[in-house]
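Colleague: I've got a model open and I'd like to learn how to read its helices and rings. Can you walk me through it?

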Amino acid sequence: TMAASGYFTGRGRTRLVFWVNLLGNALNIALDYLLIFGVELPLCGLRLPALGIAGAAWATVAAQVAQMAVLNVLAMRDTARAPNGDAAGSEDRPEDFWRLAVRILRYGAPSGVQTMLNILSFLIFVFLTGKVGDVEFAVSNAAFTVNYLLIAPIEGFAIGAGVLVGQRQGAGDPHGAFDGGNRALVLAEAYIAVASMLILVFRRQILMLFAADVDVDAQAGFLALGSTLFVLMVVWQFCDAAEVVLSGALKGAGDTRFVMVWMLVMAFPFWMPILFATYWLCPTMEALWATMVVYVFVFFVGTAVRWLKGPWRNLRLVA
């Protein structure tokens with residue numbers, strides 16, 4: 001599914017990927033109900049068994065298989081219609097296939113490692129914040145949930161930046177690539193500005209969605225800590241959005257090794273020592289989240305310098 005999605009995304013056909021994913025998720029929801037609770041289908045008289053949580057697992061598998069089938073069938077039809085020398089004709093010879101495979105590994109593997117390192121560093125952060133206290137951890141998780149919702153559209157801006165930069169680089173137009181990446185950055189920052197303002201204005205109402213089951217006596221502390229974490233989150237969101245978009249632009253230009261190495265350096269030799277030292281010296285949720293602000297800011301500065309001054313303009317993805 002990811003391979004076929006990448007094929008269409010790289011060609012700028014992101015709407016197709018969106019609709020297939022949307023339909024796949026809708027199918028997952030419908031199958032969840034049918035397979036968890038079990039129902040009798042009126043048209044054929046067939047009764048689906050009530051599988052409970054196992055039904056949710058089967059629903060997910062079925063929906064994922066459907067998405068994979070649809071995207072890959074469409075991709076194969078698309079490449080079958082390609083003219084000679086294009087996508088369909090580039091794999092006629094074994095040596096051409098393996099040359100392409102090597103390029104995929106060369107540019108794709110560092111990007112995957114970068115994502116893995118990012119998830120690993122935040123996993124360590126979550127484990128560490130879980131030691132502060134139950135209520136504090138619940139507030140932190142609530143704020144992170146909102147953070148994920150806030151940053152999710154930025155991943156779309158990053159994909160768009162990567163597509164535009166890659167296409168312009170492939171056409172031998174680094175100036176157009178630079179302009180495309182910068183436009184994606186401006187749009188992402190504009191979105192973050194509006195979304196952050198709404199998050200701060202309605203932070204009490206949002207936090208109450210998570211504090212509904214909290215004791216009345218603890219709700220005041222929940223809301224106070226949540227408000228502080230929301231402010232810290234908004235502060236780093238501007239740098240985080242810029243870093244994500246610029247990283248996407250650098251990936252589109254083929255500078256994936258830098259993105260991987262920079263993530264490795266910043267997450268572990270830089271952030272982790274600061275995080276653990278803060279936990280030992282000042283084990284509060286506010287202090288731990290403040291280390292995130294420092295980490296994301298420095299991460300953004302290095303990525304921005306690479307985008308402005310880096311050698312990505314001279315890279316050639318396809319020789």
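Modeller: Let's go from the overall fold to the helices and then the rings.

Modeller: Residues are numbered from 1 along each chain as its sequence is written. This is a predicted model, where local features need pLDDT of at least 70 and side-chain atom pairs count only at pLDDT 80 or more, while totals for chains, interfaces and linings use all residues, and side-chain values use heavy atoms, leaving out hydrogens and water.

Colleague: How many helices and strands are in the protein chain?

Modeller: Helices (H or I, at least four residues) and strands (E, at least two) are DSSP runs, numbered from the N terminus. Here the protein chain has 10 helices and zero strands. Its C-alpha atoms fill a box of roughly 70 × 65 × 30 Å along the principal axes.

Colleague: What span does α5 reach, and where is its kink?

Modeller: The expected span is 1.5 Å times one less than the number of residues. With 37 residues, α5 reaches 52 Å from first to last C-alpha, close to the expected 54 Å. A bend is the angle between axes fitted to the seven residues ending at a residue and the seven starting there. In α5 a kink of about 25° lies at I151, shortly before the proline P153. Just after α5, G172 takes a positive phi of about 75°.

Colleague: And what about α8?

Modeller: α8 (residues 216-252) has 37 residues and reaches 50 Å, close to the 54 Å expected. It bends by about 35° at Q237, and just after α8, G254 has a positive phi of about 95°.

Colleague: At what angle do α5 and α10 pack?

Modeller: Axes are lines fitted to C-alpha atoms, for helices over the stretch in contact, and angles run from 0 to 180 degrees between N-to-C directions. α5 (residues 134-170) and α10 (residues 285-309) pack at about 10°, with axes 13 Å apart. They are therefore roughly parallel (angles under 35 degrees). The contact (heavy atoms within 4.5 Å) includes F137 and F144 of α5 and W289 and W307 of α10.

Colleague: How are F276 and W280 paired?

Modeller: A ring pair is described by the distance of the centres and the angle of the planes. Rings of Phe, Tyr and Trp (its six-membered ring) pair if their centres lie within 6.5 Å; planes under 30 degrees apart count as stacked, over 60 as edge-to-face and the rest as tilted. The whole structure has 20 aromatic pairs. F276 and W280 are tilted, at 6.1 Å centre to centre and 45° between planes.

Note on methods
Parallel < 35°, antiparallel > 145°, perpendicular 65-115°, else oblique.
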